[in-house]
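The following paragraphs lead the reader through a structure shown here as sequence and coordinates. Please keep both in view while reading.

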There are 2 protein chains.
Amino acid sequence: MKLTVKGQATRQRIIEGAASYLRSDDAAGVTLDDIRAITGTSKGQIFHYFPDGKEELFLAVARFEADRVLSDQQPHLSALTSWAAWERWRDSVIARYRAQGRTCPLGVLMGQLNSTPGAHEVIGTLLEQWQSELRRGVAEMQQAGLVRSGVDAGRVSAALIAGIQGGVQVLRSTGDVTHLEAALDIVIDYLRG
Amino acid sequence: MKLTVKGQATRQRIIEGAASYLRSDDAAGVTLDDIRAITGTSKGQIFHYFPDGKEELFLAVARFEADRVLSDQQPHLSALTSWAAWERWRDSVIARYRAQGRTCPLGVLMGQLNSTPGAHEVIGTLLEQWQSELRRGVAEMQQAGLVRSGVDAGRVSAALIAGIQGGVQVLRSTGDVTHLEAALDIVIDYLRG
DNA sequence: ACCACAGTGGACCCTCTGGTCCAGAAAACG
DNA sequence: CGTTTTCTGGACCAGAGGGTCCACTGTGGT
């Protein structure tokens, strides 16, 4: 499929419009027609740019959102080289999800893409990259002698990922951000020894 | 609505049949008709026992499954009075979710009940009870002098809940149980001081 | 025995939604 | 220019799935 500049723009408009819609409150039951309306496009265009329909479109949006998750944590996530940096990172994560509140674009997307392989792949990749950055952060702290070398960086980063995911999930169903805070703080405290 | 003994039995059969079906692999897109077929009932019966239809039925199943989550952790969850007991509890949680694998009845249910107040209430209640048991366990360890009194039992239990939820979610999308293990182990290690 | 009401089966309906199709407008390109 | 390709609009289709209805059967109480 050839895409002209105009075509690229429209395609992007669809993705970003959908992403933006998912950040609104009642996006639980998104439909292609919702997205069509929001983005001011037509059925024809949606299937022109996403021939495989719903799944392809939603996967594209999911990738877009997954990128956002990581980039929203920058520059902190890539520079976890001091305790102050870890604190800044922690704060940025909490701020991000506090702002997001009970809505969760990726969560809605996963609900729509009923556990298709593609969906798992997007989430898997995201978690992998995320954890890998954290693992690197822990290792750097160890090299700098700020974290005892007996700590298993892989394990700590896995626990952080789990804590964040779970904290966000609790936030989604209870609106309460304290679980996320507690999980992050306790693992970081563990790191401090 | 009056229910005879037979009626009660049928109603229960529907709930348990649905729950069992949700534990199978491809339950992502459950439909009332699936449940009807599995439980050997008719449309008439389903709406007879669950007048509000899908939502009422699925909420009933969700409550059933939520009970299961807690009772599967017994008797360990209610007797967290020694390190050995904590280990046993940890092992029972991991065993349960390892066995469950990538399927997650409550997860599927939540996907269907698109964030209705009822769904949030079921999950909220479950998490509350769960965390409250854990908090009690931590407090008892403190009273026994096994955990330093400076530890905030509420925070630790919140972190455990978050870690478990997140660990299970990772398990669902990657099939990997190590995140769950890491989260539990690290928070328990933190408790050990 | 009778009656009222619960239990059961299944045909039927209706909406919602993903997906198809095609015709016309607008670009790209020679 | 002319033609070929892409872009856009929207009518239309088909299947799925939740929900309704009603007739029939079983059951419990008096």
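The surface near DNA strand C draws on both protein chains: α1, α2 (32-39) and α3 (43-49) of chain A, together with α1 (5-22) and α3 (43-49) of chain B, each supply at least two of its residues. Helices here are DSSP runs of H or I with at least four residues, and strands are runs of E with at least two, numbered from the N terminus. The model is a predicted one, in which local features need pLDDT of at least 70 and side-chain atom pairs count only at pLDDT 80 or more, while totals for chains, interfaces and linings use all residues. Residues are numbered from 1 along each chain as its sequence is written, and chains are lettered from A and ligands numbered from 1 in the order in which they are written.

With four residues, α3(B) gives the most to the surface near DNA strand C. A residue is near the strand if its C-beta atom, placed from the backbone, lies within 6 Å of it. There are 24 residues around DNA strand C, and those that come nearest are A:Leu32, A:Gly53, B:Gly7, B:Ser42 and B:Gly44. By class, this surface has four nonpolar, 13 polar and seven charged residues. Ala, Val, Leu, Ile, Met, Phe, Trp, Tyr, Cys and Pro count as nonpolar, Asp, Glu, Lys and Arg as charged, and the others, Gly among them, as polar.

Within chain A, the axes of helix α1 (residues 5-22) and helix α4 (residues 54-71) come within 9 Å and cross at roughly 70°. Axes are lines fitted to C-alpha atoms, for helices over the stretch in contact, and angles run from 0 to 180 degrees between N-to-C directions. Because angles of 65 to 115 degrees count as roughly perpendicular, α1(A) and α4(A) are roughly perpendicular to each other. On the side of α1(A), the contact is made by A:Ile15, A:Ala18 and A:Ala19, and α4(A) contributes A:Leu57, A:Ala60, A:Val61, A:Phe64 and A:Glu65. Two residues are in contact if their C-beta atoms, placed from the backbone, lie within 7 Å. This contact has seven nonpolar residues, no polar ones and one charged.

The two chains also meet each other, in a contact that takes 33 residues from chain B and 33 from chain A. On the side of chain B that touches chain A, α7 (117-143), α8 (153-174) and α9 (178-192) of chain B each supply at least two residues. Here α8(B) gives the most, with 15 residues.

Conventions:
Parallel < 35°, antiparallel > 145°, perpendicular 65-115°, else oblique.
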